Amino acid sequence: MKTTQLLIPTQKEAPNDAKIISHQLMVRAGLISKLASGLYSYLPMGVRVLKKVESIIRQEMDKAGAQEVLMPVSQPAELWQASGRWDQYGPELLRFKDRHGRDFCMGPTHEEVITTLAAQYLRSYKQLPMNFYQIQTKFRDEIRPRFGVMRSREFIMKDAYSFHLDQDSLQQTYELMHQTYCNIFDRLGLDYRPVLADSGSIGGDSSHEFHVLADSGEDAICFSDESDYAANIEKVTFSKQEITCQAQADENQVLTKKKTSIEAVADFLNIDQSECIKTLIIKTENGFKALALRGDHELNEIKAHNLFGEFELASDDEIKSLDLKKGFIGIKGLSIDLIIDYSAAVLCDFVCGANEWDHHLTGVNWQGVEFSEADLRNAVEGDDSPDGKGKLVIKRGIEVGHIFQLGTKYSEAMKANVIGESGKAVTTTMGCYGIGVTRVIAAAIEQNYDDRGIIFPASIAPFQVVIVPINYNKSTRVKALADDLYQQCSEAGIEVLLDDRKERAGIMFADSELLGIPHRMVLSDTHADNGNVEYKARNNADKIEVRFEEALSFIQGRVS
């Protein structure tokens with residue numbers, strides 16, 4: 001294609017609301033255009049990238065034996081009511097009524113719809129396993145859409161759903177999908193990690209997230225520096241430790257006026273925060289609980305939810321009603337159940353609140369205190385890896401894929417049964433496998449850019465090669481050479497962009513680098529004189545002079 005035939009509205013400056021690099025560069029490179037908060041149009045160059053991502057996903061899903069379908073974006077409320085999610089999903093589910101007053105929603109996901117299809121068409125165990133996928137628009141009414149297409153309200157997703165006679169069959173497909181996802185992200189040229197994850201609102205028994213490593217990632221992921229262990233920080237589990245401490249200090253009450261935070265108390269007493277205990281009061285369906293953690297650790301809310309169900313931190317008035325002093329809550333004399341984290345249980349001679357205003361206790365030990373133990377905390381850098389191999393490293397990650405073992409949650413609700421070998425009805429077991437297609441593009445940019453713009457992985461760049469002819473519209477020699485090279489590349493099946501605009505060379509160079517096109521060929525009157533073409537790779541500062549008659553074979557070797 002030629003640049004004058006395309007809409008490529010590059011910009012020098014990013015919009016003020018673009019806070020992360022992918023949002024800035026996608027707007028500046030003319031890949032997307034904002035319509036409203038969380039809603040973006042994909043422009044021609046963006047669509048080229050999008051279609052390449054979709055193509056790789058389709059190829060690998062088809063190779064794995066999945067069948068492509070396409071389901072409606074709008075879904076009737078009855079399906080969501082049958083699964084119980086109409087009320088559970090929350091305000092992200094955009095609900096509306098049609099002209100007849102019937103309730104519908106814009107689908108944020110399609111478990112209900114695909115399970116209804118399965119119930120309609122899958123009759124016998126002989127049809128199983130079946131794996132269906134689609135690449136389709138989703139809508140989630142995010143309260144704070146941000147970061148461009150990274151967290152938008154409308155987005156494109158590849159979602160797949162498999163149906164099985166039993167858990168063994170599901171496990172086989174789950175492992176196949178895990179490998180398929182690795183194949184997809186390898187081909188996309190991403191540095192990623194598959195990690196153990198929480199299933200969240202979709203539900204299920206087992207799940208893995210696929211994270212692209214990037215400093216801008218919203219999620220913290222942990223992996224061992226000596227093994228393949230990797231997990232979302234919320235899923236890293238710790239075991240009960242052997243208590244070996246022997247008390248050495250006497251317990252004392254110390255005046256710590258206005259020192260209400262662990263950091264302030266530790267500084268005041270000149271000790272490490274790991275020598276302190278912090279006590280949190282939570283409100284559960286079964287009353288108030290006190291949770292004690294080491295001072296340098298944070299509560300893992302998912303672990304707490306799994307232990308106690310729905311909970312929230314107690315309010316100031318509720319803490320006061322328990323005869324406790326906010327900022328000075330300790331572990332002694334509590335009238336409510338005390339649950340301590342495993343790492344807190346091995347401390348001795350520690351510091352905690354005295355349950356008196358402006359006072360803390362030093363030299364405290366667990367003897368004489370009634371408590372139970374549990375795994376309550378988030379992992380921290382340097383923890384022993386749960387698999388016993390190496391230490392944990394924590395990096396930021398962008399979630400681009402998630403696979404679940406759903407079990408029978410939806411198939412029971414939607415009555416997706418088949419006739420088993422015994423002639424009796426069997427409820428199918430399900431798996432679910434998602435990739436954020438539009439998010440993949442943003443994640444790739446977050447991982448591949450410099451101060452000049454995007455450095456697209458070759459597999460998803462909008463074009464493979466850009467030809468930049470200097471004075472194309474003034475020099476007949478340059479025009480003839482550029483048109484010749486363009487024709488050669490096109491006939492050879494190379495995706496080539498010819499920049500035929502009446503622009504200065506600097507602008508054309510800047511735009512090609514901003515767009516992240518992997519290979520650039522430059523022609524000028526000087527090159528017409530010496531018979532060369534100047535080559536430069538987007539990810540390399542070096543320039544190479546290539547004989548014009550060898551240019552095609554040279555570039556073929558680079559793009560293959």
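Modeller: The buried residues of helix H1 (residues 21-28) are Ser-22, His-23, Leu-25, Met-26 and Val-27. Please bear in mind that this is a predicted model.

Colleague: Against which elements do the buried residues of H1 pack?

Modeller: The residues in question include Leu-25 and Met-26, which are buried. Their partners comprise both strands and helices: strand S1 (32-36), strand S2 (39-42), strand S25 (449-450), strand S26 (453-454), helix H12 (437-447) and helix H14 (505-515).

Colleague: Which residue just after H1 takes a positive phi, and of about what value?

Modeller: H1 covers residues 21-28. Just after this helix, Gly-30 has a positive phi, about 75°.

Colleague: Which elements give two or more residues to the lining of the largest cavity?

Modeller: The count is one cavity of 30 Å³ or more, and the largest has a volume of about 50 Å³. Its lining consists of Val-466, Ser-512, Glu-513, Ile-517, Arg-520, Lys-536, Ala-537 and Arg-538. The elements that contribute two or more residues are H14 and strand S30 (532-537).

Colleague: How many residues of that lining are charged?

Modeller: Glu-513, Arg-520, Lys-536 and Arg-538 are among the lining residues. By class, the lining has three nonpolar residues and one polar residue, and the charged ones number four.

Colleague: Which strands are the edges of the open sheet of five strands?

Modeller: The order in this sheet is S28-S27-S29-S30-S31, with mixed pairing. Each edge strand pairs on one side only, and the edges are strand S28 (496-498) and strand S31 (543-547).

Colleague: What is the bridge partner of Asn-532 in S31?

Modeller: S30 and S31 run antiparallel and are joined by five bridges. In S31, Asn-532 has as its bridge partner Arg-547.

Colleague: Is Asn-270 buried or exposed?

Modeller: Asn-270 has a positive phi near 60° although it is a residue other than glycine, and it lies in the loop between helix H7 (262-269) and strand S14 (277-284). Because its relative accessible area is 70%, Asn-270 counts as exposed.

Methods:
Residues numbered from 1 in each chain as written. Predicted model: local features only at pLDDT ≥ 70, side-chain atom pairs only at ≥ 80, totals over all residues. Heavy atoms only, no water. Buried < 20%, exposed > 50% of the residue type's maximum accessible area, 1.4 Å probe, protein only. Helix = DSSP H or I, 4+ residues; strand = E, 2+ residues; numbered from the N terminus. Contact = heavy atoms within 4.5 Å. 1 Å grid on protein atoms, 1.4 Å probe; cavity = no way out; pocket = protein on both sides within 12 Å on 5 of 7 lines; lining within 4 Å. Points joined across faces, edges and corners; volume = space filled by probe spheres on them. Nonpolar A, V, L, I, M, F, W, Y, C, P; charged D, E, K, R; others polar. Pairing = 2+ DSSP bridges.
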